[in-house]
Amino acid sequence: MKRYDAIIIGFGKGGKLLAAELANRNWKVAVIERSPEMYGGTCINVGCIPTKTMIHEAEFAERIYQDDYIKQSKLYSLALKRKDKLVTFLREKNVENLTGNPNITLYDGTASFVCEDTVKVTLTPGKDEESFELEGKEIFINTGSTPILPDIDGLRDSKYVYTSDTLLHADVLPQHLLIIGSGAIGLEFATMYAGFGSKVTILEAGKRFLPKADREIAEYMQESLKRKNIEIRLNARVQSLHDTADGITAAYTDASDGTPYFLEGDALLIATGRKPMMDDLHLEKARVQINAQGAIVVNEQLRTTVPHIWALGDVRGGEMYDYLSIDDSRIILNHLFGNKERSIDDRNPVPYAIFTDPPMAHIGLTEEDAVKRGYPIKISRLPASAIPRARTLQNMDGMLKAIVNTDTEKILGCSLFCINAPELINLVAFAIKTGQKSSALRNFIFTHPSMSEGLNGLFKAF
Ligand SMILES: Cc1cc2nc3c(=O)[nH]c(=O)nc-3n(C[C@H](O)[C@H](O)[C@H](O)COP(=O)(O)OP(=O)(O)OC[C@H]3O[C@@H](n4cnc5c(N)ncnc54)[C@H](O)[C@@H]3O)c2cc1C
């Protein structure tokens, strides 16, 4: 049996960074990845990169050929090809970076635990003779997450049902795309397909749109999406799906009054969240525990219930972002080689962004949260149209909002719904994390014309 200093299960974001750092310290590292189509992980293959590329393409498509389905379809096919080219480039680059290191061996196969220090690699699932075992001193689980498929009649039998992993492989632009779920993935796909000219209807079981977001910003966003031909039906509990001659019918009830509805589309995206990916791992054989939410139990250093087995990225549950998987790898490295001071508790508040058009980004508390916690607060709002750069970019839709503690003058939270919001929020995050008062952003010298200088205006009121 081959022995390694480290076995990394999953060639995902956190895992590949860890592999490179460990190998550079002369550790012998084995990386096991179940699918060559997933070299480099979710982000570059089916997550952040392909979706943001397609949203960018859709923004062009919308400006050029709105309401011309034939022309939009052609642009959609071209956009898919450009997206595929980029994904292939990044995947190859990732493999090159990993396998170029003599201390790293990449194994194709599905990993499962045999015991606490031994992992079986199965080349073809189900065929024992095509498997072998590896032993590792330290083992890192980085198996990511997988879409949650809700228990809806007809869902698994339909040929028109897709997940975010599969929809971008379908070369036909839907005329009417139905989406179940209005979280970040649902909204980003809605933006993308509406941009290419599809009618989009989102069925959301909850009664509040983006329940964790700032109420004012969420309402503003919902109105903006409506203007872009994206209809959001709240309280919509989907019961069954039926394929028809040329599409799919969703049967749902309005949870507020029980009224039944039927809605027809030609493709349906399931966007009801993701869950940690643990299929085939046989964690019980290594005595690695799972919590009630179905995620691997980790301590603040990311060690599982077995100290030499660690878990990083989506599989450890909680918020699932590419940048948290990266930070997880930093925390592990800090505990292996550094001062052991890093922890998953020292990185809050964590910003997030939803890439609609315009996008929304948020950090810290919402107004509702701040009031509930009893902070003395002052609020400032700025319409995106007040920022000259939004006008030069011809995207004046949106609203910026900040919440400041009146006693300490520290920024408690900020929600930005405007063009470039995913970039701008990093400036606010930097101010919050370095303990700046709101005056720091009010008086900061930003370039002109830029969306950043909008922060001067947003924080002027404090
Ligand atoms: C549509 C979509 C859009 C997203 N957009 C964003 C975004 O804009 N910004 C952002 O920050 N995040 C985004 N995310 C989330 C982000 O992609 C993930 O949080 C991140 O990629 C998770 O990385 P990871 O390190 O946990 O593992 P992953 O990158 O998911 O890698 C896990 C790897 O493990 C492999 N694997 C699984 N089981 C086994 C096994 N038993 N044996 C061997 N290999 C195995 C898988 O094939 C996979 O390659 C998006 C996700 C999706 C789905």
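How far is an oxygen atom of the ligand from an N or O atom in the side chain of serine 325? The distance is 2.6 Å in this structure, which is a predicted model. Taken alone, the ligand exposes 1000 Å², and the protein buries 95% of that.

**Ligand shell**
- The ligand is surrounded by 36 residues. Glu33, Thr42, Lys52, Asp314 and Ser325 are the closest.
- By class, the shell holds 15 polar, 13 nonpolar and 8 charged residues.
- At least two shell residues come from each of α1 (13-24), β2 (29-33), α2 (42-45), α3 (48-65), β4 (110-115) and α7.

**Backbone contacts to the ligand**
- A polar backbone atom of lysine 13 is 3.3 Å from a ligand oxygen atom.
- For cysteine 43, a backbone N or O atom lies 3.4 Å from an oxygen atom of the ligand.

**Annotated binding site**
- An unreviewed UniProt entry annotates Lys52, Thr143, Gly144, Ser145 and Asp314 as "binding site".
- These positions span 263 residues in sequence, and their farthest two C-alpha atoms are 22.5 Å apart, so they do not all gather at one spot.

**Glycine 144**
- Glycine 144 sits in the loop between β6 (131-141) and β7 (145-147).
- Its relative accessible area is 13%, so glycine 144 is buried.
- Beyond its sequence neighbours within four places, glycine 144 contacts Pro276, Met277, Asp314 and Val315.

**Aspartate 314**
- The loop between β17 (309-311) and α7 (322-337) holds aspartate 314.
- Aspartate 314 counts as buried because its relative accessibility is 15%.
- Leaving out residues up to four places away in sequence, aspartate 314 touches Gly144, Ser145, Pro276, Met320 and Tyr321.

Technical notes: Residues numbered from 1 in each chain as written. Predicted model: local features only at pLDDT ≥ 70, side-chain atom pairs only at ≥ 80, totals over all residues. Heavy atoms only, no water. UniProt positions renumbered as here; feature names shortened; annotations may be inferred. Helix = DSSP H or I, 4+ residues; strand = E, 2+ residues; numbered from the N terminus. Buried < 20%, exposed > 50% of the residue type's maximum accessible area, 1.4 Å probe, protein only. Contact = heavy atoms within 4.5 Å. Near = heavy atom within 4 Å. Polar contact = N/O pair within 3.5 Å; in protein donor to acceptor, adjacent residues only side chain to side chain. Areas by Shrake-Rupley, 256 points an atom, 1.4 Å probe, with all protein chains shown as cover. Nonpolar A, V, L, I, M, F, W, Y, C, P; charged D, E, K, R; others polar.
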